[in-house]
Amino acid sequence: MACSASTRPLFNLRFSEKCLFPFHRPSKRTQVLFFNTQSSPNFSATFNTHFEPKHATSPNLRVKGRRLEFSAKAGGAQEGYSSGEEAQSLVSDASYQEEFSWLSVILPFLFPALGGLLFGYDIGATSGATISLQSPELSGTNWFNFSAVQLGLVVSGSLYGALLGSSLVYPIADFLGRRRELIIAAVLYLLGGLITAYASGLSVLLVGRLLYGLGIGLAMHGAPLYIAETCPSQIRGTLVSLKELFIVLGILLGYFVGSFQINAIGGWRYMFGFSAPAALLMGLGMWSLPPSPRWLLLRAVQGKGPIQDYKEKAIVALSKLRSRLPGDKVSERQIEDTLISLKSAYEDQESEGSFLEVFQGPNLKAFVIGGGLVLFQQITGQPSVLYYAGSILQTAGFAAASDATRVSVVIGLFKLLMTWIAVLKVDDLGRRPLLIGGVSGIAVSLFLLSAYYKFLGGYPLVAVAALLLYVGCYQISFGPISWLMVSEVFPLRTRGRGISLAVLTNFGSNALVTFAFSPLKEFLGAEKLFLLFGAIALLSLLFVVLYVPETKGLSLEDIESKILNK
């Protein structure tokens, strides 16, 4: 393909924020590309075939469906790019999608996604482990008689660790890099799982839970970043969604292990310790993967070392990720384009935005929407229903511990199914309809649980139906959509700090609700506690109706200009 910036241009292309190149991050300045179709007959044919013949001859054409706008002109002045080489690379990105092998994509996705699976596993395993730990016959210890506060610490210990981990990692994330962050997370997962499994007393058990939680905090920050920065652009959405499914798979795996070990003496040790092999696999896998090429280039433009050294390392890393020969020309060209884009973006943004800026103007509106969603996600009782599913079912009439844990497996399967449905439908139906319908169902399910404990105690299937309704409605609403909205709604200047604050809000409220559930249940009684959660669910429904906008089909720029700046 022959392209030239020196000849008189026939077409001008303007690329918006989202580019077809997997690492490319356009700056705020418009970048205009010039090419001469008379000297490039092959490209002209390819271009016209891709966009239909009428597009090539229409004098004032704007195509917005793929975030690409272009116009045909008799002439123009060159902007943005000053060399034919740079122009050629962007033409290539516009005319075809990156070629890749699925085999080369699997491992760079799988090993980071194990961090999400281990997070979900802790939720599922804790449900059965709390039953085993408190049983005089099954615990295998002489310290099984926990108070409500001690039980709350055991259950929420990993969440406090995650809260601490997510707080510590934010200021050092760019120093560590995504790969090293995930390796450290795997080590913490491994240590936490082993210490918890071999705990000789409550204090050692709590130390193990805290270390495991630190691993959760690091993994939940590093995994989505590594996946998004290393995967091909055309499958990025699929892989990020699948990472969320790995969390649900982890919950289901925890339920399965709990159902098999619930009748064993000291079964809780196996439930907690089963995470160790997966953590070891994650650590070894991340060790074998290269650093994120985009992170390497980010360090270069931040002035952390010679640009040429980081550029060469990034080329090698990208070649390894795509299973290409070291230093191949395709990887070299892609890295060159990404470096140009990052330099331009860094020049355009004088600062990322201070912490206090999150609470001002449009940023405050974004935080109210995003922070409010992740807060209501937790204080409507979600951690309690998941972590205490086995205990709730046992109280509801499934007297045998094995019965309760097996029903938890059914709930886990249903959760997996509903998560998949949400992933498929969120872009078709929109955010608001799923949120409004799902939160309404959550409120109904919580009132049903309250009614069961109040006057429907003779019908244990009511508890099962209410739990399934809760899980299903949560997985099509608060579960996936809260974090989707958080990723969409914050302006560019404060997106990093805003999302960090949302993560802290999520883990903090999660830990608080999980810790408070057992004491509140003892103080209020189950029927009044679920009635309280139901009332909060109605309040969250009102919040969604009044404050949460519909962002389906809007670009990030449209969200900022049409919603936040109103």
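Lysine 311 counts as buried, because its relative accessibility is 14%, where buried means under 20% relative accessible area, exposed over 50% and partly exposed in between, with a 1.4 Å probe and protein chains only. The model is a predicted one, in which local features need pLDDT of at least 70 and side-chain atom pairs count only at pLDDT 80 or more, while totals for chains, interfaces and linings use all residues. Residues are numbered from 1 along each chain as its sequence is written, and side-chain values use heavy atoms, with hydrogens and water left out.

Lysine 311 forms a salt bridge with glutamate 336, their closest N and O atoms lying 2.3 Å apart; the term requires a side-chain nitrogen of Lys or Arg within 4 Å of a carboxyl oxygen of Asp or Glu. This pair links distant parts of the chain, since lysine 311 belongs to helix H13 (residues 307–321) and glutamate 336 to helix H14 (residues 329–348), 25 residues apart. Helices (H or I, at least four residues) and strands (E, at least two) are DSSP runs numbered from the N terminus. Glutamate 336, at 26% relative accessibility, counts as partly exposed.

Helix H14 also holds aspartate 337 and arginine 333, four residues apart and so separated by about one helical turn, and their side chains meet in a salt bridge at 3.7 Å, N to O. Aspartate 337 is buried, with a relative accessible area of 5%.
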